[in-house]
Amino acid sequence: TEKRVYNFSAGPSTLPVPVLEKVAAQMLNYKDSGMSVMEMSHRSSSYLEIFNETKALLKKVLNIPDNYKILFIQGGATQQFSTIPLNLMKNGKADYIVTGAFSKKSAQEAKKFGDIHIAYNGADNGFKHIPTQEELDLREDASYVHLCSNNTIFGTEWKYVPDTKGVPVVADMSSNILSKPINVADYGMIYAGAQKNMGIAGLGVVIVREDLIKDHKENIPVLMEYNTIADNDSMYNTPPTFSIYVLGLMLEWIDSLGGLEVMQKRNEEKAKLLYDYLDQSDFYHVHSDKDNRSFMNVTFTCPNKDLDAKFVKESIAAGMSNLKGHRSVGGIRASIYNAMPLDGVQTLLDFMKKFEEENK
Ligand code: PMP
């Protein structure tokens, strides 16, 4: 591991070393099966054990109630932008809360399928802000309200679940799922692309209240019908077998450390180190409003673009990678998901101090 860098990528992102070591150790011969997980039939007993244990562990770690279905789907989070309106927009109306690039994309996609009302649009303030309850303009007759719980690009995060007067909340949790405990029952559906806190790309995880998917419209493409996927336990076709296996290892790792309370404590500690320093600095500027800051993606700028570029360049020489902010925000973005160790954040912090000293 001595040559590994601290990888602050927003996703696919750094994985825990114990998970990578286990993958490596099991690569050629998984538990005496004589083959790797990649080579197994998805219907073999060896694989079904991995699949069922992964599902059970996700249910345990996230504390998912019995009336929710867990679906493992190829296509990532973006596929759900289309699948959600196809399955859940029963009366042709849905509300979307737009707080960043991905919630904007999800609303745009849903507009193909029905009457979409934008309950809040953060574009006017550069997506620095998460709306308060009072700032939301929700319709009581919407089929669902869609939000993105953590805005990967802008570095903002919801700190509460809005009151929607019984309208199901559908949440894109791609970039903060498994980072802290949540009450699953507050949501009609939760979904995420796996390539951050859930492991590697190729897998979308959907957790949906079963009554919401009982009936669906006619003529939905078969791999987009949630109830077909649920009735076949995510095996209507071949699921992304290796990504599911890695999710299982990620969950084992979280569970062995003490579960989501421990993740939350670790994540708060890491984020606080960075934000406390940024707040007292008049060199760096945090992009997001103070109340809405993401504990997963810390976004900030240097005094000008040249210094942003210099920061990124010198950070690479100092053993860090992927700190360049998204092109729509500029500056620096440090993605500090569950797998980023405290040492990595401390290394970044020391570098930030030194860089400020040398360039102010
Ligand atoms: N939603 C959020 C919050 C994301 O961060 C991402 C990807 N970074 C997506 C959706 C899109 O996910 P995917 O690439 O798995 O389709």
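1. Strand E12 (residues 297–301) and strand E14 run antiparallel and are joined by four bridges. Within this pair, Phe300 faces Ile332 of E14. Two strands are taken to pair if DSSP finds at least two bridges between them. Helices (H or I, at least four residues) and strands (E, at least two) are DSSP runs, numbered from the N terminus. The model is a predicted one: local features need pLDDT of at least 70 and side-chain atom pairs count only at pLDDT 80 or more, while totals for chains, interfaces and linings use all residues. Residues are numbered from 1 along each chain as its sequence is written.

2. E12 and E14 belong to an open sheet of three strands, ordered E11-E12-E14, with antiparallel pairing. In general, the strands of a sheet pair through backbone hydrogen bonds, either parallel or antiparallel.

3. The chain as a whole contains nine helices and 14 strands. Its radius of gyration is 21 Å, close to the 21 Å that the globule rule gives for 360 residues, so the chain is as compact as a globular protein of that length. This radius is taken over C-alpha atoms, and the globule rule is 2.2 Å times the number of residues to the power 0.38. Along the principal axes, the C-alpha atoms of the chain fill a box of roughly 60 × 55 × 30 Å.

4. Of the 360 residues of the chain, 44% count as buried. A residue is buried if 20 or more other C-beta atoms lie within 10 Å of its own, exposed if 12 or fewer, and partly exposed in between, with C-beta atoms placed from the backbone. Among contacts between residues at least 6 apart in sequence, 68% join residues at least 24 apart. A contact requires the C-beta atoms of two residues, placed from the backbone, to lie within 7 Å.

5. Five of its six residues are buried, so E3 is largely enclosed by the rest of the structure. E3 pairs in the parallel sense with strand E4 (residues 115–121) over six bridges, and also in the parallel sense with strand E5 (residues 145–148) over two bridges. Tyr96 stands opposite Ile118 in E4 and opposite His146 in E5. Ala94 has Ile116 in E4 as its bridge partner.

6. Together with helix H4 (residues 101–110), E3 and E4 form a right-handed β-α-β unit.

7. Most residues other than glycine have a negative phi, and most peptide bonds are trans. The peptide bond from Gly11 to Pro12 is cis, with omega near -10°; Pro12 is placed in the loop between strand E1 (6–7) and helix H1 (17–26).

8. Two non-glycine residues with positive phi should be noted. Phe127 has phi near 55° and is located in the loop between E4 and E5. With 26 other C-beta atoms within 10 Å, Phe127 is buried. Asn322 has a positive phi of about 65° and lies in the loop between strand E13 (320–321) and E14. Asn322 counts as partly exposed, with 19 C-beta neighbours inside 10 Å.

9. His216 is found in the loop between strand E10 (204–209) and helix H5 (226–231). It counts as partly exposed, with 17 C-beta neighbours inside 10 Å. Leaving aside neighbours within four places in sequence, His216 is in contact with Asn87, Glu225, Tyr226 and Asn227. Met27 is 189 residues from His216 in sequence and 40 Å from it in space, C-alpha to C-alpha.

Definitions and conventions. Right-handed = clockwise from strand over helix to strand, strands pointing away.
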